[in-house]
Amino acid sequence: MDILNPIFAVIAAIGFSMVFKVRKEQIAIVGFLAFGGFLVRDIFMRFGFGIELSVLAGAFCVGLLADLIAYKTKTPLQMLKVPAGIPMIPGSLVFEAIKNLIAFVSSPAPDGLKLANFFYFGGKSVFILAALAFGITATSVIFKKRQL
Amino acid sequence: MELAELAEASLWIGKEMMEAGADSATVEEAMLSFVSAHGFADAGVLVLPKSVLITLNSLDGFHTKMKHIDEVSPNFERLSLMSEYAMSHKNIEFAIFQKTILETKPPFHTLSFVAVPIGCAAFGMLLGCDIYGALAVFLAAYLAFFVKSRVVKLGLSMMFVNLICAFLATLSAFIFSKAFGVQELAFAQAASTFFLIPGIQLINTFEDMLKGHYLNGSARGLRALFLSFGIVFGTTLAIVAERSLSWIF
């Protein structure tokens with residue numbers, strides 16, 4: 001199933017492009033960026049890097065490629081970067097954090113494990129989100145002069 | 001173009017770009033490029049979270065004008081067209097361009113009702129759902145996306161819209177997952193709210209901060225936080241509501 005992950009990321013990114021009303025001509029580029037980003041993320045994870053570092057690398061790859069393409073095609077960067085980076089959002093970790101918080105609050109007596117799980121999943125989600133957002137936006141600062 | 005007309009036109013470009021989801025630096029750049037193409041290289045632009053201002057300097061003095069920015073409604077096609085027009089100094093009369101933009105319908109309006117749930121299902125597969133889980137995600141996301149498209153028209157706050165849709169998506173993902181015998185319930189429920197994520201706000205927060213627009217970045221960050229609260233609260237309510245359905249499943 002791992003081999004198919006970048007393909008699923010492409011489908012998810014294209015679905016998200018439609019929420020943002022991306023131009024028809026740019027859909028294929030968004031798909032390509034999502035594929036590249038997720039592939040880099042998966043490769044990093046296979047080499048034993050943590051999820052946070054892997055997402056940072058994948059997001060940086062998306063940002064870098066988007067910057068180059070936006071420069072060539074004179075397109076606003078967000079249009080390419082945002083939908084392509086979204087599939088790397090840690091949805092299941094956020095959900096686990098919420099579930100553990102509800103379980104902790106509604107349990108008859110305080111349960112340390114549930115609270116620890118909430119902080120563990122919540123903290124991990126925050127780190128991954130920060131890595132994703134920083135990785136995607138960092139390149140536009142590095143290549144500040146080269147934008148539109 | 002007259003001084004007042006030019007100020008009005010550039011402010012319209014800035015306002016529309018901000019509402020379509022542009023970051024502050026891109027808006028500033030586009031507005032300055034537009035006025036300098038019309039012979040006003042000496043101009044100042046201020047982009048704030050809820051308004052844009054421009055000052056055009058001429059030999060007779062200066063002209064300052066401000067425009068209010070409404071709710072952000074992502075439309076990257078519009079953003080792209082506006083940016084292209086402002087930056088490439090196209091020789092099209094502004095009034096004609098404005099009319100074209102306002103009359104252009106957003107792309108994929110009908111297709112998005114199928115494509116967005118498929119995207120959510122693919123996200124579910126990425127998280128670890130099986131094919132039945134993906135089907136449950138598709139149905140739940142379709143329902144929530146359809147409801148969102150109706151609720152948005154009522155003019156409710158986006159936080160409240162997110163709350164309603166997250167509640168509906170999470171609860172229906174639970175029901176469909178149980179009906180199809182899905183094992184990884186949490187993955188299906190998490191994936192069904194995928195389309196509600198305030199992606200533009202999150203990315204623009206960092207984009208603005210890194211480019212020195214701290215005020216705009218903070219405002220966007222707060223907005224992203226509130227929109228996310230809507231999703232979290234809706235999901236929480238749905239998880240609590242699941243318990244009352246335990247007699248069925």
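Author: In chain B, strand 1 and strand 2 form a hairpin, with three residues between the two. Strands here are DSSP runs (E, at least two residues) and helices are DSSP runs (H or I, at least four residues), numbered from the N terminus. This is a predicted model, in which local features need pLDDT of at least 70, side-chain atom pairs count only at pLDDT 80 or more, and totals for chains, interfaces and linings use all residues. Residues are numbered from 1 along each chain as its sequence is written, while chains are lettered from A and ligands numbered from 1 in the order in which they are written.

Strand 1 of chain B covers residues 43–47, and strand 2 of chain B covers residues 51–58. They pair in the antiparallel sense over five bridges; pairing requires at least two DSSP bridges between two strands. Across the pair, B:Leu46 is opposite B:Leu53 of strand 2.

In a regular strand the side chains alternate between the two faces of the sheet. Buried stands for 20 or more other C-beta atoms within 10 Å of the residue's own, exposed for 12 or fewer, and partly exposed for values in between, with C-beta atoms placed from the backbone.

As for the whole chain, the domain assignment, which is automatic or from a database, gives chain B domain 1 (3–103) and domain 2 (112–244).
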